[in-house]
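These are short notes for a colleague opening this structure for the first time. Please read them alongside the sequence and the model.

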Amino acid sequence: MIPIVDVSQHQGLIDWTRVKGSIQSAVITMGYRGSHSGAIAIDPSYRYNRQQAAKAGIPYSLYFFPCSINDAEALEEAELIIKECKGMTFPLPIFLDSEVAEAAGRGRADRLDPVTRTRLLKVTIDKCQAAGIPMGVYASTYWLNNNLNMSELPYSVWCAQYASRCRYTGSYMLWQYTSSGQIPGISGGVDLSEPHSIIKQTPASTVNPYGKPSTTIRLGQKGYTVKWLQWEL
């Protein structure tokens with residue numbers, strides 16, 4: 001299985017011409033909201049990674065680390081995503097990375113209860129989908145089971161579990177199976193994922209300003225049809 005890689009500033013300077021051929025697509029960190037300051041920041045490698053991946057002809061999507069604690073902040077995060085996604089094609093959804101910001105749990109959003117955390121993710125996602133952007137949620141198996149109400153988040157799921165198999169019992173689109181993968185052109189270990197399944201999403205709008213209403217892409221050995229705000233086998 002040819003993997004999907006996700007990268008950020010932590011991978012340093014990536015040689016995307018060498019990466020090409022070793023992955024099927026990339027998910028690039030756009031940025032994050034500060035876990036203490038609450039200020040939105042762009043990942044220092046974001047512009048470079050996006051430009052060079054495109055130059056190398058590598059399909060890519062994006063992810064963002066939200067730390068919103070109220071609706072206004074959740075909408076602000078959505079506005080940034082909408083701005084950065086203007087004119088993009090989407091080989092994969094744009095993902096919100098939901099996890100603890102600090103190991104000790106002292107981040108401003110780390111102690112949100114599952115109901116509030118779920119609602120804020122939904123505020124951001126629904127705003128983005130209304131603007132024509134397919135969205136998803138990234139989290140570990142434990143986080144999906146214990147810190148989110150997944151019945152309220154009918155979007156694509158990217159599940160992280162570093163094991164011989166993913167034990168999440170809900171529907172998920174991608175499985176991140178290691179953080180120590182080796183890819184030519186990337187120094188050190190890197191996160192790798194593989195496709196699992198494509199789930200339907202609830203359309204938020206009947207107008208798609210970002211391209212054709214349907215297209216066909218390939219993930220691994222399987223072909224998938226991507227419909228307007230709907231990913232399905």
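1. Rings of Phe, Tyr and Trp (its six-membered ring) count as a pair if their centres lie within 6.5 Å; planes under 30 degrees apart are stacked, over 60 edge-to-face, and the rest tilted. By that rule, the whole structure holds five aromatic pairs. The ring centres of Tyr168 and Tyr172 are 6.2 Å apart with planes at 55°, so this pair is tilted.

2. On provenance: the model is predicted, with local features requiring pLDDT of at least 70 and side-chain atom pairs pLDDT 80 or more, while totals for chains, interfaces and linings use all residues. Residues are numbered from 1 along each chain as its sequence is written, and side-chain values use heavy atoms, leaving out hydrogens and water.

3. Buried means under 20% relative accessible area, exposed over 50%, and partly exposed in between (1.4 Å probe, protein chains only). Tyr168 and Tyr172 are both buried. Tyr63, Phe95, Tyr138 and Trp158 make up one aromatic cluster.

4. Helices (H or I, at least four residues) and strands (E, at least two) are DSSP runs numbered from the N terminus. Two strands pair if DSSP finds at least two bridges between them. Strand E5 (residues 94-97) pairs with E6 in the parallel sense over four bridges, and Phe95 stands opposite Gly136 of E6. The chain passes from E5 through helix H4 (residues 114-130) to E6 in a right-handed β-α-β crossover. Right-handed here means that, with the strands pointing away from the viewer, the path from the first strand over the helix to the second runs clockwise.

5. E6 also pairs in the parallel sense with strand E7 (residues 156-160), over five bridges. Trp158 in E7 is the bridge partner of Tyr138. From E6 the chain runs through helix H5 (residues 141-146) to E7, and this β-α-β crossover is right-handed.

6. How enclosed is strand E6 (residues 135-140)? Five of its six residues are buried, so E6 is largely enclosed by the rest of the structure.

7. Which residues of H3 are buried? They are Glu73, Ala74, Glu77, Ala78, Leu80, Ile81 and Glu84. Seen down the axis of H3, these buried residues fall within an arc of 160° (taken from the directions from the helix axis to the C-beta atoms), so they line one face of the helix. The face turned away from the buried side of H3 carries the exposed residues Ala72 and Lys83.
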